[in-house]
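The sequence and structure are shown first.

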Amino acid sequence: MEGKKIRVLIAKPGLNGHDRGAKVVARALRDAGMEVIYTGLRQTPEQIVETAIQEDVDVIGLSILSGAHTHLFPKVMELLKENSIKDIIVIGGGVIPEEDISELKKVGIAKIFTPGTDTRDIIKFIKEKVN
Amino acid sequence: MFDKEEMKKIKQSKKEWENNVVQKTLKRFPERKDKFVTGSGKEVERLYTPVNLEESDHNKDLNFPGQYPYTRGVQPTMYRGRFWTMRQYAGFGTAEESNKRYKYLLDQGQNGLSVAFDLPTQIGYDSDNDMSLGEVGKVGVVIDSLKDMEMLFDGIPLDKVSTSMTINAPAPVLLAMYIAVAEKQGVAPDKLKGTIQNDVLKEYIARGTYIFPPAPSMRLITNIFEFCFKEMPLWNTISISGYHIREAGATAVQEVAFTLADGIAYVDAAIKIGLKVDDFAPRLSFFFNAHNDLLEEVAKFRAARRLWAKIMKERFGAENEKSLILRFHTQTAGCTLTAQQPDNNITRVTIQALAAVLGGTQSLHTNSRDEALALPAEDSVRIALRTQQVLAYESGVTETVDPLAGSYYVETLTNEIEKQALEYIEKIDKLGGVTQAIEKGFIQQEIQNSAYQYQKDIEESKRIVVGVNKFKIKEGLPKGLLKVNPEVGRRQVEELKKLKEGRDNHKVKENLKLLEKAAKTDTNLMPLILDCVKSYATLGEICDVLRSIFGEYKESVKL
């Protein structure tokens with residue numbers, strides 16, 4: 001993997017407008033040498049998967065603080081599956097209760113980062129997973 | 001505030017103190033850090049003295065409470081007359097569930113309501129819209145039509161409570177619904193007390209629930225100013241909000257600057273359509289954040305009040321005293337709440353609420369300890385409300401007006417925040433005003449830089465967050481969190497279907513057509529929206545009509 005930058009799509013599915021976390025993480029990943037694309041607000045799962053394919057990303061990072069993760073995160077996973085995409089790692093972040101995390105992991109979300117996460121832990125996780 | 005001779009003496013003794021006393025101490029006990037900063041990263045001196053206030057003039061800069069420039073408060077007696085309004089922001093699930101929570105809060109001694117709407121409602125989508133999937137009833141109550149609004153305020157006398165509604169892009173629709181519910185209770189619009197947030201500029205900047213582009217949004221906002229001036233003299237037509245700007249990462253100075261810059265844009269827009277400044281300005285209200293740094297926050301509120309008074313007087317030539325005063329609601333800072341050791345949040349909220357009270361707030365929401373994890377459970381909300389009651393009845397800070405005035409530090413901070421906020425406002429003026437500054441991404445970028453710095457400071461342990469990067473413990477899973485009933489969405493869609501079958505659809509169509517026609521002219525749309533609402537046209541139907549004429553806003557994304 002030397003020489004090739006890790007490509008990450010940071011996406012805001014749903015109607016939630018709180019993007020402080022998404023933007024901070026996007027910048028931290030960029031400062032860590034990754035290529036980061038940020039979708040902006042109000043993306044449908046369809047739009048996110050389409051962008052991920054077009055941009056040929058290694059990682060999708062989904063951010064939701066409204067509680068709609070139980071619906072929208074699995075939808076993204078479903079669409080990836082429909083498109084036979086298996087090599088994109090999907091991670092999530094936001095106000096996500098512990099009991100939902102195990103459900104999200106079951107549908108294939110690699111990791112959920114909750115409030116108080118150190119961005120260096122996210123960087124480390126991505127680097128380990130992609131390489 | 002000190003005469004020249006005295007100032008000279010103070011300066012001399014300060015120098016001596018520094019050279020003799022301080023230096024000696026520093027040799028034996030070095031300070032904890034090389035540089036001390038406020039919560040917003042502003043450098044703090046070791047000691048503040050009259051020297052810092054050399055240029056200050058008591059009557060010009062402070063004066064007395066209830067007098068220009070209102071640094072010391074908007075009323076002469078402040079909390080000696082009446083406490084602030086204790087107003088907890090609440091709403092989730094269906095109108096029926098939220099109605100129950102409101103009645104509980106009123107029973108617990110809260111004296112004003114504050115309605116949280118779910119995201120589809122805030123963005124003008126009905127529950128059956130594809131975009132609403134997974135979001136119905138999640139972050140607030142779902143309102144599709146007047147029918148839901150009737151349920152929401154069932155058994156709550158609207159002539160007795162004041163109601164604040166966090167609604168922006170579709171504010172005219174929700175305001176119309178509120179008027180219609182009141183009418184059914186036999187309460188006339190001119191008796192209604194409350195606030196609609198109605199501040200779309202900060203939605204573009206920080207909060208994200210915009211619908212229309214800036215120009216038609218400003219039109220809807222000024223339509224409300226005009227309508228309320230005639231029909232609802234007690235209603236706050238807008239709550240110009242720094243809260244969300246701060247939550248997005250802004251510093252205290254940026255919060256004041258961008259909020260007042262938004263305020264300037266609204267005043268400009270209203271004057272442009274022919275309203276007189278003293279007709280609408282008395283009903284403008286503000287909404288600020290109370291963050292962790294107690295004294296900096298107190299100074300921030302005082303600075304905002306003084307700067308706004310000057311802007312209204314000098315820039316807009318307002319003459320009515322009520323046009324000059326900055327009345328504000330405060331919410332404690334959600335972004336400071338930690339998911340780790342959540343009970344510690346009670347302490348944070350106490351400090352923040354104290355800042356709001358010492359800063360002279362008119363109303364206050366205190367966050368609940370569990371909000372970094374979920375919507376607050378009932379007992380958490382009760383503790384948050386009790387925190388306000390302890391401050392009001394037990395702390396003693398309410399017994400005199402503006403008790404921190406005259407503190408060399410607080411007055412210096414007040415002066416500095418005012419000065420730096422004004423510099424930002426001048427910069428925004430040069431960019432062509434707030435709308436331009438937003439479209440260029442300037443304001444968003446400034447906030448993002450501050451947010452990133454804040455995070456880096458935490459990760460480098462330059463900023464300590466108790467329980468997060470210091471004093472950590474191993475914790476079990478949090479218990480007793482509130483979970484919104486997942487059935488809400490499905491149930492609401494069924495109700496909506498029933499509503500559409502049961503109403504006079506011919507009438508609805510007719511009213512929507514009239515609205516469409518009027519939207520193409522520059523008629524005030526409030527009366528037409530009121531007609532639509534009364535015929536049980538849905539929020540989504542009304543907003544779709546407006547979307548078809550006004551178009552939709554697209555954010556400019558920059559990292």
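In E2(A), which residue is the bridge partner of A:Val8? The model is predicted, and in it A:Val8 has A:Val36 as its bridge partner in E2(A). This contact belongs to a parallel pairing in which 4 bridges join E1(A) to strand E2 (residues 35-38) of chain A. Between E1(A) and E2(A) the chain passes through helix H1 (residues 20-31) of chain A, and this β-α-β crossover is right-handed.

Strand E1(A) also runs parallel to strand E3 (residues 59-64) of chain A, to which 4 bridges join it. Here A:Leu9 stands opposite A:Ile60 in E3(A). In strand E1 (residues 7-11) of chain A, 4 of the 5 residues are buried, so the strand is largely enclosed by the rest of the structure.

E7(B) pairs in the parallel sense with strand E8 (residues 284-290) of chain B. Within this pairing, B:Ser285 in E8(B) is the bridge partner of B:Ser239.

| Strand pair | Sense | Bridges |
|---|---|---|
| E1(A) and E2(A) | parallel | 4 bridges |
| E1(A) and E3(A) | parallel | 4 bridges |
| E7(B) and E8(B) | parallel | 4 bridges |

Methods:
Residues are numbered from 1 along each chain as its sequence is written. Chains are lettered from A and ligands numbered from 1 in the order in which they are written. This is a predicted model: local features need pLDDT of at least 70, side-chain atom pairs count only at pLDDT 80 or more; totals for chains, interfaces and linings use all residues. Two strands pair if DSSP finds at least two bridges between them. Helices (H or I, at least four residues) and strands (E, at least two) are DSSP runs, numbered from the N terminus. A residue is buried if 20 or more other C-beta atoms lie within 10 Å of its own, exposed if 12 or fewer, and partly exposed in between; C-beta atoms are placed from the backbone. A crossover is right-handed if, with the strands pointing away from the viewer, the path from the first strand over the helix to the second runs clockwise.
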